[in-house]
Amino acid sequence: MTDRAAPSLAPFPWPRAIGFGLGVLKLSPDAFWRMTPRELAFAAEALLGPAARPPGRAVLADLMMRFPDGR
């Protein structure tokens with residue numbers, strides 16, 4: 001057993017997803033609710049491009065070395 005807390009996950013952004021599906025993609029409510037979140041994400045990526053990904057551990061370590069706190 002560990003004392004570490006489980007990582008906090010943000011709740012799924014339903015208002016944004018519904019707004020995107022109904023407003024931007026112009027899906028009917030029936031079509032929207034039949035989609036999986038993954039299908040909606042693929043549609044968003046096709047229209048908007050890939051989502052920005054956070055930097056990996058190596059990139060973060062490099063940035064921390066180049067720009068240390070306390071300068």
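**Exercise 1.** Classify aspartate 30 as buried, partly exposed or exposed, and find its salt-bridge partner.

*Solution.* Step 1: aspartate 30 has a relative accessibility of 47%. The classes are buried (under 20% relative accessible area), exposed (over 50%) and partly exposed in between, with a 1.4 Å probe and protein chains only. Aspartate 30 therefore counts as partly exposed.

Step 2: a salt bridge requires a side-chain nitrogen of Lys or Arg within 4 Å of a carboxyl oxygen of Asp or Glu. Arginine 34 meets this with aspartate 30, their closest N and O atoms being 3.0 Å apart. Arginine 34 counts as exposed, at 64% relative accessibility.

Step 3: both residues lie in helix α2 (residues 29–34), 4 residues apart, about one turn of the helix. Helices here are DSSP runs (H or I, at least four residues), numbered from the N terminus.

The model is predicted: local features need pLDDT of at least 70, side-chain atom pairs count only at pLDDT 80 or more, and totals for chains, interfaces and linings use all residues. Residues are numbered from 1 along each chain as its sequence is written, and side-chain values use heavy atoms, with hydrogens and water left out.

**Exercise 2.** State how many salt bridges the structure holds, and describe the one formed by arginine 66.

*Solution.* Step 1: the structure holds 2 salt bridges.

Step 2: arginine 66 pairs with aspartate 62, and their closest N and O atoms are 3.3 Å apart.

Step 3: the two residues are separated by about one helical turn, because they are 4 residues apart in helix α4 (residues 57–66).

Step 4: arginine 66 is partly exposed at 47% relative accessible area, and aspartate 62 is partly exposed at 36%.

**Exercise 3.** Describe the largest pocket by its volume and its lining.

*Solution.* Step 1: a pocket is an open set of points on a 1 Å grid over the protein atoms alone, where a 1.4 Å probe fits, with protein on both sides within 12 Å along at least five of seven lines; lining residues have an atom within 4 Å of a point.

Step 2: the largest pocket holds about 560 Å³ of space. Of its 17 lining residues, Leu40, Ala41, Ala44, Glu45 and Ala51 are the closest to its centre.

Step 3: α1 (14–24) and α3 (37–48) each supply at least two lining residues. The largest share, 8 residues, comes from α3.

How values were computed: Grid points are joined across faces, edges and corners, and a volume is the space filled by probe spheres set on the points.
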